[in-house]
Amino acid sequence: MIKDYVKFALKTLKVRKTRTFLTMLAVFIGIAAIVSLISLGQGLENAISEQFEALGTNKIMVSPAGTFFGAVGDSVSEITEEDLDVIQKVSKVKQAGGMLYKMARLEFDEEVQYTWAIGLPTDESGDVINEIATFNYVTGRELKESDKYKVVVGIRLAEADIFDKEVKVRDKLKIEGYEFKVVGGMGRIGNPEDDRQVYIPLETAREVFNEPDKLDIIMIETTKGASVPAVVEDIKKELRDFREVEEGEEDFNVQTFEEMMETFAVVFTLVQAILIGIASISLLVGGVSIMNTMYTSVLQRTREIGVMKAIGAKNKDIWILFIIESGFLGMAGGIIGVLIGMGLAKLVELAAFQQGITILKAQFPWYLIVGTLVFSFVIGCLSGLAPAYRASKLKPVDALRYE
Amino acid sequence: MNKPIIELKDVWKIYQIGHVKIPALRGLSLSIHSGEFIAIMGKSGSGKSTLMNMVGCLDIPTKGRVNLYGDDIASFTESDLAQTRGKKIGFIFQKFNLIPTLTAFENVMLPMIFQGIPFEERKKKAQSLLSMVGLSERSAHRPGELSGGEQQRVAIARSLAIDPEIILADEPTGNLDSKTGKMVMDLIIKLHKEQKKTIIIVTHDEDVAKYAQKIKVLRDGLVIGQKK
């Protein structure tokens, strides 16, 4: 029975192609927007959680208050080498190291560029940073303890993406007017901003930028089996005592990577929800459009409905017929929408890749596809409720008389 | 004589248009027995179409009773009435009224779908009916691709899909030229003679009515005469 009705409904949609297509337009715009947003969002979220997971759960980060992950260097409060000393003395802290971020003027082959220069500790306190940042060196070597005025460059410098000429190992590079020798090249990180950074020994950075003890970020690794939240509390307490601030008024942040991931996830979900909300407006328009089409269809086919009733169709039969037609109208829009959405997401991924963002991979989990199709079918059915009800209630005599 | 299969007793049908009440049928009584061939004649406005709706159980009277196999149709729910109508009465309309999106074959199957008959059975029946009306070759065509005469023959095949005892034809030749009209009438007469169907034809055409055993003439909502 239902199979016959489905066949019947699909036939009607097929015969009235133009009408079907126009009706679906709003639905597939909405569905395409939602599918591309979710698949890209999912991809981004996966990429970022993968990176966080790689860092491990026993890592803690201390930064001045008023900064958030990724935005360093311009906060009101400061943390210094003295804070690092305090942290290193907290029990169950295995290792702690600090970094300095500075915007620097680079000169190479008579060309000038500005980029971030990162001061990396070259003593054992740098190990924790190396581990967290998972640096891989594709050419040359990493910075060592005896290095002074040596530099490791990001991959975009090595690829001649920043300067006209490739920056190679043993080349000379001027940073803030001081001459540095290139000793190594970093592998690709996947973020174009990160890939144009240069890395210099922390001690050299202190001389070049005249920053005797400032640090922008301190990375900490706890000992094995330590309770990370307890260590976080200890660090907070020691830093409060040392910096003479009250609880609740800290001018520094102590975060675990897990916390950062959660914060990120919350913000991310919120942004995604808002975007999907906006895309849903298009779906609402799609629903109204389907309803309109179905009302017109009921009117156009009044006579047909009368005939079907005369030859034995019950009200329920007519109702089901119209609901199915309307549902498939929604789902057809959904199918095209999913395809366009997937294409769109792939395009964005490709465009990002060409911009050097290699970590973004659009994800199309099966539940996204199936869910979207079911959702569009349901929207179609809901929009068809009222028109189908009207059709089912037509009196056969009136319907047959209708011209 | 045996009990009538359709019986109208003092049937009134009053249409209300604005504040004006227009009686289309005014206390009409009529009995139709199994195996009869009746023509209902009358000018437009005589109540012919209203009577057809009553006989076809498409509408219920304002006053009076319409019995289908002894049951008052006013006591049926809308859906029961549809179901019963689908089983007992086959309709043939002046404008053929085939579903334009379906092929001839599917149109013939449609009444059987509403009765929940399984596909294989439906298919066999539809094929045999289409071959009976001489349209096996055209079964995959949509109504728009068929001539008027062909469409009416498909409609006749459709009216027979559930094997109803009663065939109700409303001006079956009204939209056809005389040659194809004759062909359609021959088919209807064959149904009466060979398959013992009860035939009710509503028409204003003497040439069509002459085939019937009885002719009821309608004027102003009443049967005013009977020819034959």
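Residues are numbered from 1 along each chain as its sequence is written, with chains lettered from A and ligands numbered from 1 in the order in which they are written. This is a predicted model, in which local features need pLDDT of at least 70 and side-chain atom pairs count only at pLDDT 80 or more, while totals for chains, interfaces and linings use all residues.

Biologist: How many helices and strands does chain B have?
Modeller: Helices (H or I, at least four residues) and strands (E, at least two) are DSSP runs, numbered from the N terminus. On that basis chain B has seven helices and 10 strands.

Biologist: What radius of gyration does chain B have?
Modeller: The radius is taken over C-alpha atoms, and the globule rule is 2.2 Å times the number of residues to the power 0.38. For 228 residues a compact globule would come out near 17 Å, and chain B agrees with this, at 17 Å.

Biologist: What percentage of the residues of chain B count as buried?
Modeller: A residue is buried if 20 or more other C-beta atoms lie within 10 Å of its own, exposed if 12 or fewer, and partly exposed in between, with C-beta atoms placed from the backbone. Among the 228 residues of chain B, the buried share is 49%.

Biologist: Why is strand β3 of chain B largely enclosed by the rest of the structure?
Modeller: Phe37(B), Ala39(B) and Met41(B) point one way from β3(B), Ile38(B), Ile40(B) and Gly42(B) point the other way, and all are buried. The strand covers residues 37-42, and it is largely enclosed because the buried residues number six of the six.

Biologist: Which strands pair with β3(B) in the parallel sense?
Modeller: Two strands pair if DSSP finds at least two bridges between them. Strand β8 (residues 198-203) of chain B is joined to β3(B) over five bridges, with Met41(B) opposite Thr203(B). Gly42(B) stands opposite Leu218(B) in β9(B).

Biologist: Which strands stand at the edges of the open sheet of four strands in chain B?
Modeller: The order is β2-β1-β4-β5, with antiparallel pairing. Each edge strand has a single partner, so one side of it is left without a neighbour in the sheet; these strands are β2 (20-32) and β5 (71-72) of chain B.

Biologist: Which helix of chain A gives the most to the side that touches chain B?
Modeller: Residues are in contact if their C-beta atoms, placed from the backbone, lie within 7 Å. The contact takes 20 residues from chain A and 22 residues from chain B. On the chain A side, α1 (2-15), α9 (302-310), α10 (315-354) and α12 (396-401) each supply at least two residues. With five residues, the helix that gives the most is α9(A).

Biologist: How far apart do the C-alpha centres of domain 1 and domain 2 of chain A lie?
Modeller: Domain bounds come from an automatic or database domain assignment, which divides chain A into domain 1 (2-52 + 262-401) and domain 2 (78-250). Five residues of domain 1 are in contact with five residues of domain 2. The distance between the C-alpha centres of these domains is 51 Å.

How values were computed: Two residues are in contact if their C-beta atoms, placed from the backbone, lie within 7 Å.
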